[in-house]
Protein chains: 2
Amino acid sequence: MKVLTAEIIAIGTELLLGDIVNTNAAHLARGLASLGINTYHQQVVGDNPKRLLEALEKAYESSNLVITSGGLGPTQDDLSKEMAAQFFGLPLQEDAEARAHIEQYMHRTGRQITENNWKQALLPVGSRPLYNHNGTAPGFVVEQDERMLIMLPGPPSELIPMFDEQVIPYLQSLSDSVMLSRTLHICGTGESAVESRLHDQMEAMTNPTLAPYAKEGIVDLRITAKASSEEEAERMIQPVEVMIRDMFGDQVFGQDGQTLESVVVQLLQEKGWRVATAESCSGGWACGQIVNCPGASQVLEGGFVTYSNEAKQSILGVKKETLEQYGAVSEETAKEMALGAAQALKTQTAISITGIAGPGGGTAEKPVGTVCIGVACQGKVWTETFQFSRNREANRRLSVVRALNMLRLAILQN
Amino acid sequence: MKVLTAEIIAIGTELLLGDIVNTNAAHLARGLASLGINTYHQQVVGDNPKRLLEALEKAYESSNLVITSGGLGPTQDDLSKEMAAQFFGLPLQEDAEARAHIEQYMHRTGRQITENNWKQALLPVGSRPLYNHNGTAPGFVVEQDERMLIMLPGPPSELIPMFDEQVIPYLQSLSDSVMLSRTLHICGTGESAVESRLHDQMEAMTNPTLAPYAKEGIVDLRITAKASSEEEAERMIQPVEVMIRDMFGDQVFGQDGQTLESVVVQLLQEKGWRVATAESCSGGWACGQIVNCPGASQVLEGGFVTYSNEAKQSILGVKKETLEQYGAVSEETAKEMALGAAQALKTQTAISITGIAGPGGGTAEKPVGTVCIGVACQGKVWTETFQFSRNREANRRLSVVRALNMLRLAILQN
């Protein structure tokens, strides 16, 4: 069958109580969008058989694919599967492989199997099982009279791999066209500036399409092409990618799965250099972001959080006169912090961040959100002052993004 | 009118594409639950007039209060208000105060007013305006024939304060009972252990109710009472709170808006002590968590991230023999790291974290997830080894939680 329109139904009383956020729906929606499958409606219902049946009825009025999350647990409250079987008039029957999966999973994680667990091995007769490598509940696909139902377990750690590894390829196999996306990551220019430079192109383009997404301090541009083969889609994406790379130059720091910190770590690895950090208002987050990359230990020597003026002097060797003359939040202090960190840890590169994250501490001359950043690279130093206007946490995160980006550019220039 | 059942409709094509997560629905749901208002269904629709009308029709079949988020922007796509006016047969009319709010907001944030913006000052005749202090779009309440509609703007920075400060008190005023909650935060015991110790009580209690919520390394217990007055609700909560505090002792670290780091900062302020951090695998996150609290500068002297063995020796004075004999991930190393940090920064207290966050680096003796934590307090040192079993990031976050908790307990014992 050909999927025309999909609807997502998330099942779980904890969603209705607001105890958890419906991240599953966003993940499923993104996946469907990447396949070019339209979604016009989403629903959330509790663990209630009658309301789930109503939701299914309603969904199939305008969609021919319904994807559900949740309600496949081992307890008596979990009745999604029973309701689906009833809806399609299919009996439930034990699936031997699902039973074996449950047995293995419980054994591997050292847990006791209870009678309830075997209920999870039951699947509607004729359904296509989706085995669960990260939990006990299998998902499944039912197809009947041009209607498809895909039921997935609720925990994101089970749903996400099952959807990405089993459902996406299956839905892809039903389609006669391929959707391919390339996302370019940009740092150093704002979302509205990116949008205004690309506005006309974005409006005019239909295939491939071009869409911007702003995160903190970073703008993503996603190019998506629909074609009859992956090669053709790639050929359609190519010229748009080249245009954007030409337009934004070294503000484009990476693509797809790359992050700012992973790019910085990779550049340092290529040079064989190490990095040190010296942070004040960001309080260690810049260092923590670098540690996020599994290869960090090869390039990160260490870091300092010098929150007090005394620590800036005793640990990083910032001069007393510099602090007195220019203040702790100044490019002069940022410069000495970066050089001091590189010297203390004998690294080729270092970054420093000193600023007023808020809510208090601002002055007329240096209002809340003023952040000075320094980058040392092979003995040279760059400094820059930024004026952020978010809350304390966001100002701190933006500082980290801009510091990592300055380090990236400094390495590229050496 | 009396609100019996509510339904939440989130409006926005970006939700259907999965570009943003529906955190608004969770916030609204939690607020409704706190008022004792039941919600059995949620919907998401795009910026599409026909489908919004269908969603409203469907919602009022089983609910008498509908709360929407989004679709109140200044562009032509934003038609929520027009559809609501049509649904209730009410004309739109300019609200002078809403117009003044828009003018002031645009002026304050230095933006140009366009003709579109005045569209946002239109409200259905007879509706109750909800003025927006964080953006331009006002929300509003319409009541007609025992049906209520509350429309709120989409950006969480506008919706959350409008809902918390205006909608919650209004809905509360319609009710003849009061809901009051107290949340106790627990660290040092797992969710399943908490649940099994309280299982019978939770099952038996109806008013007040008791419900557990697990976060990373922390279990929250929420006591909720429904009564005719706040005083009476407080009297009902009291004995349950006492029972839990008796049962879990100093594992209860705070309540309601308190966080582990805010409690630690407060304890340090009370003692007049300062703290230093020495981190390896957590890479500065422990220090960053402390900086999260606005009062941090009074108690945090600074911190070190000593990722390499050389840095552990040169900066913290960890002995070469200790590293060789016991390894970088050992309680002996953690002890010297904590003492070294306290000494370097002349603080009364210090915490240290050294571990194997994963994915690589584990051995048979010290598998991935092994983390050694040290706490120095007034010259004394405590160390402990933990075995976490999550992914790299979660293992690092759990390390920070346990380190802060050990520091809290050490301060309490001094």
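Predicted model: local features only at pLDDT ≥ 70, side-chain atom pairs only at ≥ 80, totals over all residues.
Let me begin inside chain B, where L260(B), E261(B), V263(B), V264(B), L267(B), L268(B) and K271(B) of helix 10 meet V401(B), L404(B), N405(B), L407(B), R408(B) and I411(B) of helix 15, a contact meaning that the C-beta atoms of two residues, placed from the backbone, lie within 7 Å. The residues of this contact divide into 9 nonpolar, 1 polar and 3 charged, where Ala, Val, Leu, Ile, Met, Phe, Trp, Tyr, Cys and Pro count as nonpolar, Asp, Glu, Lys and Arg as charged, and the others, Gly among them, as polar.

Residues are numbered from 1 along each chain as its sequence is written, and chains are lettered from A, and ligands numbered from 1, in the order in which they are written. For chain A the mean pLDDT, the predictor's confidence in each residue from 0 to 100, is 92, and 100% of its residues reach 70 or more; the model scores ipTM 0.76 and pTM 0.80.

Returning to the two helices of chain B, helix 10 (residues 260–271) packs against helix 15 at an angle of about 30°, with the axes 10 Å apart, the axes being lines fitted to C-alpha atoms, for helices over the stretch in contact, and angles running from 0 to 180 degrees between N-to-C directions. Helix 10 of chain B is therefore roughly parallel to helix 15 of chain B, a term used for angles under 35 degrees. Helices here (H or I, at least four residues) and strands (E, at least two) are DSSP runs, numbered from the N terminus.

Now to the meeting of the chains, which takes 49 residues from chain B and 49 residues from chain A. On the side of chain B that touches chain A, the residues divide into 23 nonpolar, 19 polar and 7 charged.

Which strand of chain B pairs with strand 14 of chain A? Strand 14 of chain B does, in the antiparallel sense and over 5 bridges, pairing being assigned if DSSP finds at least two bridges between two strands. In this pairing F304(A) stands opposite F304(B).

Those strands belong to an open sheet of 10 strands with mixed pairing, in the order 17(A)-16(A)-15(A)-13(A)-14(A)-14(B)-13(B)-15(B)-16(B)-17(B). Its edge strands are strand 17 of chain A and strand 17 of chain B.

Notes: Parallel < 35°, antiparallel > 145°, perpendicular 65-115°, else oblique.
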